[in-house]
Amino acid sequence: MSATAETLYRRYKARAGVKTLVLVLAVFLLAVGMVVGLCVGASGMGLGQVLASLLKDTGRDHGIVWLIRLPRIIMAALVGFGLGLAGSVFQAVLRNPLASPFTLGVGSAAGFGAVSVILFMGGGFQTYRVAAGAFLLTLLSAALILAVARMKSASSETMILTGIAQMFLFSSLTSLFQYMGTMEQVHEVVFWFFGSLSKAGWPEIGLTAIMILVPFPFLLSRAWDFNLLASGDDSALALGVNVKRLRMTSVVAASLVTAGGICFTGVIGFVGLVAPHITRMVIGNDHQFLLPVSGLVGALLVVVADTLGRSIWAPQVIPIGIVTSFVGVPFFFYLLMKRSKEYW
Amino acid sequence: MLEVTHLHFDYGGVRVLEDIGAGVDKGLVLSVVGPNGAGKTTLLKCIVRILQPTAGSVRIDDRETRRMSRRELARHLGYVPQNTPARFSATVFETVLSGRRPYIAWRPSRTDLERTAGVIEEMNLADLAMRDMDRLSGGQAQKVLLARALAQDAHYLLLDEPTSSLDLRHQLEMLEIIAALVKDKRMGAVMAMHDLNLAARFSDVILMLHQGRTFRWGTPLEVITPENIREVYGVEAAVRRENGYLHIQPLRCADPPASGKSPGPPQPNPGGSRS
């Protein structure tokens, strides 16, 4: 290798090194955020007490940490990771910076599934039935988009338009059901749309983890194809990517991740849109790094938002779906103002 | 030898390409010329299988490309599209590196990175390597796209109007680079071209398309004649030979012929191409 090429190689390696560092830093920040979250709560334990209760049975505190705080925080991190990851995948396959897990109507479909169960099957907030309803409708909406993409073309425009049409359809159906429902049912529905982490238990965490962490390696293995897709379908095709199949499998995988993220907790908006953009601004658009770091940034956002939501009006808890926007929007504006160039 | 035989392409029931036959050997440049909508871009896209030909075959060294996987095909054919801005911008290095995709399994190997660095140096893009693509001029961006195709280590280059958005100097520079690659590395090149002067000067063979059919096929001297230009483009032109080059001087629009065999309106052009 010539000297110039050697320099180039080193510079690329150095940049990749910086990105790896950001990845490690994000993991570290998330860990810190989770520990801080563990220490915040109505029963007022210090760091030492919390750590002691984590490791050995200290009676009441042990119960609070293991049954209330830890599951809540792990759920927050998982959901945030899923939404951040799904957001970056949707943006990549749809080639659209406005895409998020909710752009294709996935959120509305899930909401409609939850509403249907609450109205017609008795509901009871956050039971498995509501989750199953949300989950099934999410998959149904993904299937609908795929069906249209199969029949017409799998272009990003077709998919986005189908998704938006679907979003309106499910929103209307949800409104109709709310209109028909009783006061209590409507209250429950509204609460679902706020999102809530308060009833996350270990079994729910297990299921969520499966839905989010199983598709993750597959999506990560497609990182290079996502990079190529950014320069257009034609270029990607000419470089050996089966664009149609990539788009379809990725939409299914990302929908599954989204469903996993929201079926037990309700709609936590904004994270899926903003986490990928925050990440892009910091490390650029290489999906090898973008996918995992978006997930970590999403996790951090939700964990921090949840901690704030529990402490601002303690002992009142502000629903997570509301706080994420309060935390995310100012930060997002800040980055938007600060950035030097159009990065998408 | 890259060879196209009896290639047909229909788009939405409309015949866009009909019975096209052409070929190019390593070390030669084939230019595809013709007015807007004649099917230049479509032909290129059919060869790289961005579009699926309705009938006919494309062979590389006597192997049917139909039987190759996309990945394998990408090791033979390097496609240089017209420069369109990417959605989420990558750096020059990352863009050239993406040409290694046909060889990358999970993540780029050291070889991939070294090859990328080598191509960037070869193309004199080292100063721009860490810059974002959307910060480049049209000429620079076009060069990067060519570099990406070189990183593919393909034997044939397919270039869709490589000079379309470039100024005079960059047009010549681009074509000189291509000519040098073809000669030094024994690559074959197929270019869709608008500019007849440049096409005549830089091509060994010219395929002139007219309404999706092969109109003429031969050396620049045989194909680029006032008669053919009048028939295909509907333009009166003077063609002179000077300093060893053909000079084509468009004079005026030809009077539309009274009857049937007119150059007709441009045909619909599929695949979003703007040829």
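This note goes through the two chains, the contact between them and a few local features.

1. Basis of the model. The structure is a predicted model, in which local features need pLDDT of at least 70 and side-chain atom pairs count only at pLDDT 80 or more, whereas totals for chains, interfaces and linings use all residues. Residues are numbered from 1 along each chain as its sequence is written, while chains are lettered from A and ligands numbered from 1 in the order in which they are written.

2. Make-up of chain A. Chain A contains 15 helices and 0 strands, where helices (H or I, at least four residues) and strands (E, at least two) are DSSP runs, numbered from the N terminus. Its radius of gyration is 21 Å, close to the 20 Å that the globule rule gives for 344 residues, so chain A is as compact as a globular protein of that length. The radius is taken over C-alpha atoms, and the globule rule is 2.2 Å times the number of residues to the power 0.38. Taken along the principal axes, the C-alpha atoms of chain A fill a box of roughly 65 × 50 × 35 Å.

3. Burial and contacts in chain A. Of the 344 residues in chain A, 50% count as buried; a residue is buried if 20 or more other C-beta atoms lie within 10 Å of its own, exposed if 12 or fewer, and partly exposed in between, with C-beta atoms placed from the backbone. Among contacts in chain A between residues at least 6 apart in sequence, 77% join residues at least 24 apart, a contact being a pair of residues whose C-beta atoms, placed from the backbone, lie within 7 Å.

4. A helix pair in chain A. Helix 2 (residues 47-55) of chain A packs against helix 3 (residues 60-94) of chain A at an angle of about 85°, with their axes 8 Å apart. That makes helix 2 of chain A roughly perpendicular to helix 3 of chain A, a term used for angles of 65 to 115 degrees. The axes are lines fitted to C-alpha atoms, for helices over the stretch in contact, and angles run from 0 to 180 degrees between N-to-C directions. On the helix 2 side, A:Q49, A:V50, A:S53 and A:L54 meet A:D61, A:H62 and A:V65 in helix 3 of chain A.

5. Make-up of chain B. Chain B has 9 helices and 12 strands. With a radius of gyration of 19 Å, close to the 19 Å that the globule rule gives for 275 residues, chain B is as compact as a globular protein of that length. Buried residues make up 46% of the 275 residues in chain B.

6. Where the chains meet. In the contact between the chains, 34 residues of chain B touch 30 residues of chain A. The elements of chain B that give two or more residues to this side are helix 2 (70-76), helix 3 (92-97) and helix 4 (110-122), and helix 4 of chain B gives the most, with 6 residues.

7. Two backbone angles to inspect. Phi of B:H6 is near 45°, a positive value in a residue other than glycine; B:H6 is found in strand 1 (residues 2-11) of chain B and is exposed, with 12 other C-beta atoms within 10 Å. Phi of B:N243 is near 50°, again a positive value in a residue other than glycine. B:N243 is placed in the loop between strand 11 (235-242) and strand 12 (245-253) of chain B and is exposed, with 5 other C-beta atoms within 10 Å.

How values were computed. Contact = placed C-beta atoms within 7 Å. Parallel < 35°, antiparallel > 145°, perpendicular 65-115°, else oblique.
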